[in-house]
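Student: Could we go through this structure together, a bit at a time?

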Amino acid sequence: MNSTFSSRLARLRGRRLVLAWAVLGVVGALAAATLLMVNGQSAGAGEVRTARVVSDNAMTPGFTGALPGSANPVGDAAPPVAAAPLAGAAPDGMPVASSRPVQALADHPLFAQHAGLGRVDCKLPAWRDDPEAARAFYRAAIACLDASWEPTLRGAGLPFHPPRLLAPAESRDVASQCVQRLRNGPTTFYCALDETLVLPYDAMRPLSGGSRRGAQLAVVTTEYGHHVQTLIGVMQAYTEKHSTLGKDTAAGQEQSRRMELQARCFSGMFLGTNFGRADIDQQTWAEASHTVRNDTGNPRMHGTEENVWGWWRWGSDKGDTWECNTWYSSPAHVE
């Protein structure tokens, strides 16, 4: 091979190598730009987006632990309401079944797609420190929850009707099929047997702190989350499994935590989706999140403080029924 040809070949190979590196550089720059767009340009946005990417990469629903402390209510960026029936789906050419509950947990059809809640302009009366004013506040809050959840459940081919409300001045006046829940003193709860939110004033009053209606909403929306579970059939499936496992066993208590943490996620969904609308303003949302973050309930039955906050915050950040599938999560995230 003569020296002139060898020299030309070497120059050609060098140009090809430079061109290849240039192409790789462009691809790398595009990839970096894409990541920057996904993760946001500010430090705060980056923190929140990181949590989203963790879930997306895992291709599994639900809170995955170790979320950053900053919170980001999803607002109008929440997924749309379910557009087509899931529970009542039928083969082509066949009539769609009427709305009915589906007794399932991890594979429940409401968690089969990314579905948000209806957005409502929730008008709430000012919080006043007396039983009658409290009842008026709870009725208004429940009406907002009804308006937000009904299109989602009906859109998924599931039944809907509002819960009952019991809000006496004192817990001793509660007339519920679940009255035994009060044996250890005043408390709030949802009774699945008669589909009732039980919110005695003497149990709710310590949360008020003056005008802290967000603290009240944190409780009402969580108990309403149990009503949603009852309507769609999750509560029935849970009750059967819980009974089989034994309520005092480690496995039974884990099921209880999954139930409670899903209600927290549903609570966060409502407040996060409707953040910035009417009376669910920054102060109200912040009060609700503060109440949830400082919850000191029974960790064996309700979950650790970290997981209670994590699931509520996840629901608020995502606004997505698929993401509230606590039944699918690993045991570490429902401790």
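This is a predicted model: local features need pLDDT of at least 70, side-chain atom pairs count only at pLDDT 80 or more; totals for chains, interfaces and linings use all residues.

Tutor: Residues are numbered from 1 along each chain as its sequence is written, and side-chain values use heavy atoms, with hydrogens and water left out.

Student: How far apart are the end C-alpha atoms of helix 3?

Tutor: Helices here are DSSP runs (H or I, at least four residues), numbered from the N terminus. The expected span is 1.5 Å times one less than the number of residues. Helix 3 has 25 residues (131–155), so it should span 36 Å, and that agrees with its end C-alpha atoms, which are apart by 36 Å.

Student: Which residue in helix 7 forms an aromatic pair with Trp149?

Tutor: Rings of Phe, Tyr and Trp (its six-membered ring) pair if their centres lie within 6.5 Å; planes under 30 degrees apart count as stacked, over 60 as edge-to-face and the rest as tilted. The structure holds 10 such pairs. In one of them, 5.1 Å centre to centre with 70 degrees between the planes, Trp149 sits edge-to-face with Phe266.

Student: Is Gln255 buried or exposed?

Tutor: Buried means under 20% relative accessible area, exposed over 50%, and partly exposed in between (1.4 Å probe, protein chains only). Gln255 has 7% relative accessibility, so it counts as buried.

Notes. Helices (H or I, at least four residues) and strands (E, at least two) are DSSP runs, numbered from the N terminus.
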